[in-house]
Number of protein chains: 4
Amino acid sequence: MPRTMKAAVFVEPGRIQLQEKPIPEVGPLDALLRITTTTICGTDVHILKGEYPVAKGLTIGHEPVGVIERLGSAVQGYREGQRVIAGAITPSGHSNACLCGFCAQDGAGTKHGWKPIGGWKFGNTIDGCQAEYVRVPDAMANLAPVPDGLTDEQVLMCPDIMSTGFGGAESGAIRIGDAVAVFAQGPIGLCATVGARLMGATTIIAVERVPERMAVAKRLGADHVVDFTQEDPVEAIRRITDGRGVDVAIEALGTQATFEACLRVLRPGGTLSSLGVYSGDLRIPLDAFAAGLGDHRIVTTLCPGGKERMRRLMEVIASGRADLRPLVTHRFRLDQIEEAYDLFSHQRDGVLKVAITP
Amino acid sequence: MPRTMKAAVFVEPGRIQLQEKPIPEVGPLDALLRITTTTICGTDVHILKGEYPVAKGLTIGHEPVGVIERLGSAVQGYREGQRVIAGAITPSGHSNACLCGFCAQDGAGTKHGWKPIGGWKFGNTIDGCQAEYVRVPDAMANLAPVPDGLTDEQVLMCPDIMSTGFGGAESGAIRIGDAVAVFAQGPIGLCATVGARLMGATTIIAVERVPERMAVAKRLGADHVVDFTQEDPVEAIRRITDGRGVDVAIEALGTQATFEACLRVLRPGGTLSSLGVYSGDLRIPLDAFAAGLGDHRIVTTLCPGGKERMRRLMEVIASGRADLRPLVTHRFRLDQIEEAYDLFSHQRDGVLKVAITP
Amino acid sequence: MPRTMKAAVFVEPGRIQLQEKPIPEVGPLDALLRITTTTICGTDVHILKGEYPVAKGLTIGHEPVGVIERLGSAVQGYREGQRVIAGAITPSGHSNACLCGFCAQDGAGTKHGWKPIGGWKFGNTIDGCQAEYVRVPDAMANLAPVPDGLTDEQVLMCPDIMSTGFGGAESGAIRIGDAVAVFAQGPIGLCATVGARLMGATTIIAVERVPERMAVAKRLGADHVVDFTQEDPVEAIRRITDGRGVDVAIEALGTQATFEACLRVLRPGGTLSSLGVYSGDLRIPLDAFAAGLGDHRIVTTLCPGGKERMRRLMEVIASGRADLRPLVTHRFRLDQIEEAYDLFSHQRDGVLKVAITP
Amino acid sequence: MPRTMKAAVFVEPGRIQLQEKPIPEVGPLDALLRITTTTICGTDVHILKGEYPVAKGLTIGHEPVGVIERLGSAVQGYREGQRVIAGAITPSGHSNACLCGFCAQDGAGTKHGWKPIGGWKFGNTIDGCQAEYVRVPDAMANLAPVPDGLTDEQVLMCPDIMSTGFGGAESGAIRIGDAVAVFAQGPIGLCATVGARLMGATTIIAVERVPERMAVAKRLGADHVVDFTQEDPVEAIRRITDGRGVDVAIEALGTQATFEACLRVLRPGGTLSSLGVYSGDLRIPLDAFAAGLGDHRIVTTLCPGGKERMRRLMEVIASGRADLRPLVTHRFRLDQIEEAYDLFSHQRDGVLKVAITP
């Protein structure tokens, strides 16, 4: 086995570069994966642009599909050569946050092991997986074997996009017969649409403007697609729901406009399920919030991780309930990753997600 | 029986006046109550000041304790002369909102019977109970007999203050062992403190500055009382919780400052339970919200009503689990109500709540 | 309008007969429906056989589709001539049971208005709807307008079968990715299968032996159908789930054998959702229950009713998410109802449900 | 440090004996505790009698209070000499069961890491803590530092009795204003009574016959104590609740009689929360179960474990909300443990729990 590998590294704002780095060492609880397929996330673009700060020299990427190359001395229940995925969020399983059900808020360094977003480690606080190899911490909590018969691309959305989008539907506690609006049909919004459909929503209204995304939304389960450049989405949703509003509105973009529109389309007692990564303060308009008296709920969800989550998501794929392959619109080799970033960050050529193969 | 009665009527902004009005007629589903005790709410002061608009000539007040004087032709299960209360919110029981569990958002006039805050009728959309008599709509859903042995003043907080304050604790889903902060210790905040205590919170931090209210907060169950004029409450709460933050923060004032402080003291995955009636747009600071990635929840609660809610709250009083009599600091006759408004709206003389007896 | 009507009446055990009866009077809260389509339920067969006792002379039937013929004096929000359904369970909306969310356990006559199964009135405690007309109590809580474009037969399953079957899936709190077993694929079991599918279960295992029912189960969403006369269903389910067991097992028959098998196929922490109407004591085997230490849950559900429930179920039909027309296998006129009972009670000719039209 | 220690070992049915054994080795994820206080559980008596089978030679006991003597090579976040407790149930944190919230059903050896009761290891599948030292597996998920100022005896109930009893109240989802019955007031039933009180139940009815236990029940929060040798408890509870029944009934003994009585006192829609360890099949009487139509729920709970649970329970003690010292009625040195077993297993001298100090 070689000593070094290729990895996409954050150099400085505006620059992610493929570099040669040492292959990671594994500690007793870790595993080393040889990456077979990975992808780029919108968050990686924020990192690229310097909007989300990470350490210079860090390997980027948090969506690994790969093969176990080496196991830490204390890791049991796996074997080398096994094909696995790990979630974008890699909970330890043993923190106070994990043990009370907030795996994504796992962390270390504070007295009680609580730190916002502490569960997101890959490409954030430790080296990520846009590389030939990645070290997975707390392997026993995180490695999920891929069922035979599923290709890398079929499970490539599980680590982040699917887990996050479905999480938005789940945190909204969608019920059979609900009306649901999903604002923005990028990869996460599309997965939220699929999640809403899987949970039994009977009126799903997707809001988007890019024709390719509108088409995929329809194909993946939206009953109505509103082009917000043609019609005020709040009015359109009021009309479609016969003045009633929606039970759940899912925000999947991260802007004031969509956050606010979500509030405005909710029925009294409805839930705004927020998935977006915001870049500024948010404003809650008094009227949309019924002055605080509307029994509204606003819930936020960070991508759920851990091997059990991954197992369940792969079950969804294996059962044929959802097919997310339409999201993979482009394919690159790892040594083309700078080109992939260029395409993806400029949303050229109808790109939704790219598959990167070392 | 007389034909007319005395009633506190909204005349114009700045002026609520005792007037002579006809005693209400009862429809088939209604009941007529002879009021024996009632009180003034902070919301009534908003009405007085013209900040919350109601029709001129409307009788104000939504916290009735009284005796059944007459029953509508279709009302069963009660008898005249029975001592009862009704909630501030009077759900019909048969609206779509009620039938899916949002009784407070009950209403009429829209296609599906949903209208924000539609369940609040007394002193808002129909004549209220600061009067000698009040008509209670949908009597069978709303009249709750007062257990023998409880005085009017013992149950006077049930219709609104106690139901709302407890509702804040319940919507926060407080669990045994939680740390809870309650911002503002007016009547609703004090009841939220009591509710948090009853649900098993083990660290209850009340934030206030009025010495009398701080003292009552201590007496009713707060473990710590932070005077926000002496110490930054966010820092104080971080210190008290050993850097961990609270599981649930309850907003009981209705201002940007308290709303924002609630967010800042939450642990990741924590819940902001909002009770305040806001008078302007709210701002969610990006950092306090972990950019939308902290698994935070913001929930709002309008005072739960209906006879089963009232029955339960009176059980709390009857069992001795809570004694809210310390909240009644002043007493007036109905014909002194303008004086009572003057005292209450200026928060003079350490007033918390007043009892008004016709 | 005539004074009398035809109605299927319980005469004595073994005999339900079409008789001439007065058309019901309506009280202030009632509505009179002219029945356009109705059906026969397994419970009606229990009544026919004398296994479930009802008063002699009672009109049977609890699944009405019809047209509003007359409205009580206090009923608002409807108009005569409107096409509606009502649930098999007709909650008042104003009982303590309703107001704390247990509409099906509504009732009267006890101090607090709680009585098991008190919400089931049609064809149980008041005249039912296998007749030309039926009186609907508490009309405002129960009448649900049928959306244009849906036929009687499309919504005929909503009042009972669909509400009950879906209720089993909902009470089981099925989540995306769950494995679910449904024991028995009669009309209720089939609807439970559909409900499980709608909520996102990814492995649905139906247990049955009647070939026609097995075929419909496959068509409506079961991934696996186990013929329990060919293979032990507990072993089959263990095999299909790779030794893991199911997250939720739904009992839809009402026997010891199926109840016990449900327990035996549950994973630790799994939920047995029971829909069956049992006719004898049940036994919980010690080993299947892990001596009480398996974090198992057993939940029971009586058919949820009320107009909001009916509205939601009709949304499911209108959206095309479920098509339950395959359940209607036979059609009869009301004057053929004795023949219909004969066919249905002997489960001849592959019957699932019959449509009866006056 | 010595090489051997004293430990209470299961020799054969009827015989637990203090023996000299090697002090355990620690693996990378383990910790070695020096026990300072422990206790005997009812389950240990089942083991003693041979009713619950364990391996011969196993050290018994699952309720450790102690000091960290040594830490495994991969354990971080603790230091030697720290005073800690661990729960009776020691979840790994990284199993599929743990990661979907069923820590107590953790396990190994099956394909997906699910095995009923697999989380209970101490004194069941690995050596326990009635010894001078104990090896704690998965130390990072299980060691909870004891707050300064709390004595060993104050936290001695946390690992099992308190966690289990409180768990019964929590799984029952007790709400403010509930009526709750607790059948049997042994140590677990007493803790369930305390839990019910902490969660806001306003009518708590304890059923017992031993005068000392009845007295402690009163002292710890029961509103009514029914002596079932003097009065039929089902009738007594119906009377106390005015015919309404209880919202939640907690079974804390493990017999058919108490299980059945729990069902009989439930209101429709009520919850039976079962804590008992049963020793035979259970029977559900048809009438008590409303033939499966009463919207009843039966939930079971195995003692929740893990360090976050222990932290919360110690918070309850530290805050003064509960004082469980009255449960420790007798004290023994470890070398008197056979005598302690004799007293405890025969329930002599009003014993509730014993404290054992090496």
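The questions below go from a helix pair to a chain interface.

This is a predicted model, in which local features need pLDDT of at least 70 and side-chain atom pairs count only at pLDDT 80 or more, whereas totals for chains, interfaces and linings use all residues. Residues are numbered from 1 along each chain as its sequence is written, chains are lettered from A in the order in which they are written, and side-chain values use heavy atoms, without hydrogens and water.

Student: How are α6(D) and α7(D) oriented, roughly parallel or roughly antiparallel?

Tutor: The axes of helix α6 (residues 187-198) and helix α7 (residues 211-220) of chain D, helices being DSSP runs of H or I with at least four residues, come within 9 Å and cross at roughly 20 degrees. Axes are lines fitted to C-alpha atoms over the stretch in contact, with angles from 0 to 180 degrees between N-to-C directions. Since angles under 35 degrees count as such, α6(D) is therefore roughly parallel to α7(D).

Student: How many salt bridges does the rule find across the interface of chain D and chain C?

Tutor: The contact (heavy atoms within 4.5 Å) takes 41 residues from chain D and 41 residues from chain C. A salt bridge requires a side-chain nitrogen of Lys or Arg within 4 Å of a carboxyl oxygen of Asp or Glu, and the side chains of C:Asp281 and D:Arg283 form one at 2.8 Å, N to O. Across this interface of chain D and chain C, the number that the rule finds is two.

Student: What area do chain D and chain C bury between them?

Tutor: Buried area is the accessible area (1.4 Å probe) that two parts lose on being put together, summed over both. Of the area buried between chain D and chain C, 59% lies on carbon and sulfur atoms, and the total is about 4000 Å².

Technical notes:
Helix = DSSP H or I, 4+ residues; strand = E, 2+ residues; numbered from the N terminus. Parallel < 35°, antiparallel > 145°, perpendicular 65-115°, else oblique.
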